[in-house]
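Here is a short briefing to read with the model open beside you. Take it topic by topic, and turn the view as you go.

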Amino acid sequence: MRRIDMELRVRFAPSPTGPLHIGGARSALFNYLLAQKTDGTFIVRSEDTDRERSSRESEHNILEALRWLGIQWNEGIEVGGEHGPYRQTERLELYRKYTERLLQSGDAYHCYCSEEELEAERQALIAQGETPRYLGKCRNLTTGERARYEAEGRKPVVRFRIPEGEQIVIHDHVRGEVAFESDGMGDFVIVKSDGIPTYNFAVVIDDSTMNITQVIRGEEHLSNTPRQVLIYQALGLKMPEFAHISLILNTEGRKMSKRDGDTAVIDYQKKGYLPEAIVNFIALLGWAPPGEDEFFTLDKLAEAFSLERVSKSPAVFDLNKLNWINAHYMKQAPLERLADLALPHLREAGVLPEGELSPEQREWIKGYVHAILERLDYMAQVREFVHYFVGAEVPEPESAAAADVLRGEQVLSVLSLLADKVETAKDLNGESTKGILKGITKDLKLSGKLVYMPIRVALTGQMHGPELYDIIPLLGRENVLSRIKQTQSRIGNA
RNA sequence: GGCCCGUUGGUCAAGCGGCCUAAGACACCGCCCUUUCACGGCGGUAACGCGGGUUCGAAUCCCGCACGGGUCACCA
């Protein structure tokens, strides 16, 4: 066999009717990984035959999401290649030719049934406890009958003629051999009355003409595969190999749907998750690495990936684990990058102005992110900590216990000494703050607890939180003094 | 409803007939670290859906049942 015959060609073929979902991203990823691993070709095309719901905007969004994740394609939309065009609506002429062949050979025929007629047939079958399907009313129309329908102005669809009594066996790389009987299938529509092919037809022509060697897609396509196989056979086309990967479920064990909250890649991008964390996480849904290691870059994934280790059972999307993985990558990321990521969320929180930032502001963001990094699962959470670090106002003590801390007899002297030291400090930074705090315990001969806790509550209203030597410099001299003053007067009034 | 797929701890999963008195990870709980919390370290609780076979031996193979899911569109 020549090299060219052996080259692996895989594809991701989303329908541009919405954002890229987590499940779609995983399908794309698995295809991409296999192509990378084997030096094959990864193609992205668009299945936009649903004119009602498809949009260029969605297509663009999906492509952007793939790029953001780092999933690159070397052939297809916006990239080009020898097998284009890569949008189904731009390939109509091609489908027409194949339709003609099927019509000629008798493997397909025109059907003039109206929606009402079909619906009535469906209901009747359901009432009899049978599989709702098309029974083949128009299978053998005479020319006269056809002419009469045409005269009525009916626009026909083209249906594929399902052979009787045939068994279709699919060799699936994930599921093994799966057998279907042709008898339960009705003749299905391959070309709609507006001349646009349906998915099951177009996908066959595309995969075939693009020389796809492996079709890796979601399990929801498994039941449709025998229909596609029949078309390959009728047309005498070479069939790709199949691999159907299991679905991703929500916490209730059902297929992830919009109602479960964040199901699109963009949702996570907006919340400030890192793309490498998402990739790592979804790779682990339905695929198990050979060793103990759980952290994989895209390159490492491509090295380690294989269909043999893809599991048959569906996986539940576990946000906890995503968060853990994301936190891991955040701790490794350069502070500059994290600061950029934090920026939009801090703006939204109203603590940073729009427009260009001063170098001091940039430094402040870096300091801030650094101070709270270990408590973050994803970047949008930076908003939850601003009250510690921003503003002249200190929140009321969070609890009775916190209020109690401020009732200690040493508190007022601790606070006024702190105010003195902060006011006179040459430079307020982490180091100098440590010195100040230590100095207070020394000067007043107090235990650490009697110093640190009241200061914490006086400055933040909270019993817990980030290190004081992070809070104080970031808060800034004025805010610290103002917060101290505020607490002092609260104590005085109590 | 017919057809198809699946079923190991709460979750992701290893396991491909003896190495299993079933690995690892997330979550949870406890302890340690930290003059707070978090991070980190150490430890713990927790699973082969049920019933039949096959076999000297089954989480692993076969059959049935149950449960979950997918599909049966002029959606993809």
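In which loop is Pro 85 found? Pro 85 sits in the loop between β3 (75–76) and α4 (92–105). Please keep in mind that this is a predicted model.

**Backbone details**

- The peptide bond that joins Gly 84 and Pro 85 is cis, with omega at about 0°.
- Asp 39 has a phi near 65°, which is a positive value in a residue other than glycine.
- You will find Asp 39 in the loop between α2 and β2, and with a relative accessible area of 62% Asp 39 is exposed.
- Lys 445 also has a positive phi, near 55°, and is likewise a residue other than glycine.
- Lys 445 belongs to the loop between α18 and α19 (448–460); its relative accessibility is 75%, so Lys 445 counts as exposed.

**Helix α10 and its surroundings**

- Helix α10 (residues 275–283) and helix α12 (residues 319–332) have axes that come within 9 Å and cross at roughly 140°.
- An angle counts as roughly antiparallel over 145 degrees, and α10 and α12 are therefore oblique to each other.
- From α10, the contact is made by Glu 276, Ala 277, Ile 278, Asn 280 and Phe 281, and from α12 by Lys 321, Leu 322, Ile 325, Asn 326 and Tyr 329.
- Sorted by class, the residues in this contact of α10 with α12 are 6 nonpolar, 2 polar and 2 charged.
- The crossing of α10 and α12 is right-handed.
- Is α10 mostly covered or mostly open? Mostly covered: 8 of its 9 residues are buried.
- The buried residues of α10 are Pro 275, Ala 277, Ile 278, Val 279, Asn 280, Phe 281, Ile 282 and Ala 283.
- Among the elements that cover these buried residues of α10 are α2, α3, α9 (265–270), α11 (298–304), α12 and α13 (335–348).
- Ala 277, Ile 278, Asn 280 and Phe 281 are buried in α10 and also take part in the contact with α12.

**Helices α17 and α18**

- The axes of helix α17 (residues 411–424) and helix α18 (residues 430–444) cross at roughly 135° and come within 10 Å.
- That angle makes α17 oblique to α18.
- The crossing in which α17 passes α18 is right-handed.
- On the α17 side, Ser 413, Val 414, Leu 417, Leu 418, Lys 421 and Val 422 meet Ile 436, Leu 437, Gly 439, Ile 440, Asp 443 and Leu 444 of α18.
- By class, 8 nonpolar, 2 polar and 2 charged residues make up the contact of α17 with α18.

**Aromatic rings**

- How many aromatic pairs does a search of the whole structure find? The search finds 16 aromatic pairs.
- One of them is the edge-to-face pair of Tyr 32 and Phe 42, at 6.1 Å centre to centre and 75° between the planes.
- This pair links distant parts of the chain, 10 residues apart: Tyr 32 is in helix α2 (residues 22–38) and Phe 42 is in strand β2 (residues 41–44).
- Tyr 32 counts as buried at 7% relative accessibility, and Phe 42 counts as buried at 1%.
- The ring centres of Phe 160 and Phe 188 are 5.7 Å apart and the planes are at 35°, so this pair is tilted.
- Phe 160 is buried with a relative accessible area of 1%, and Phe 188 is buried with 10%.
- Tyr 268, Tyr 273, Phe 281, Phe 317 and Tyr 378 form one aromatic cluster; Phe 281 is also one of the α10 residues in the contact with α12.

**Sequence and space**

- Asn 61 is in helix α3 (residues 56–69) and is partly exposed, with a relative accessible area of 36%.
- Asn 61 and Leu 338 are 277 residues apart in sequence and, C-alpha to C-alpha, 24 Å apart in space.

Technical notes. Residues numbered from 1 in each chain as written. Chains lettered and ligands numbered in written order. Predicted model: local features only at pLDDT ≥ 70, side-chain atom pairs only at ≥ 80, totals over all residues. Heavy atoms only, no water. Axes fitted to C-alpha atoms, helices over the stretch in contact; angles between N-to-C directions. Helix = DSSP H or I, 4+ residues; strand = E, 2+ residues; numbered from the N terminus. Parallel < 35°, antiparallel > 145°, perpendicular 65-115°, else oblique. Left-handed = near helix turned anticlockwise from the far one by under 90°. Contact = heavy atoms within 4.5 Å. Nonpolar A, V, L, I, M, F, W, Y, C, P; charged D, E, K, R; others polar. Phe/Tyr/Trp six-rings, centres within 6.5 Å; stacked < 30°, edge-to-face > 60°. Buried < 20%, exposed > 50% of the residue type's maximum accessible area, 1.4 Å probe, protein only.
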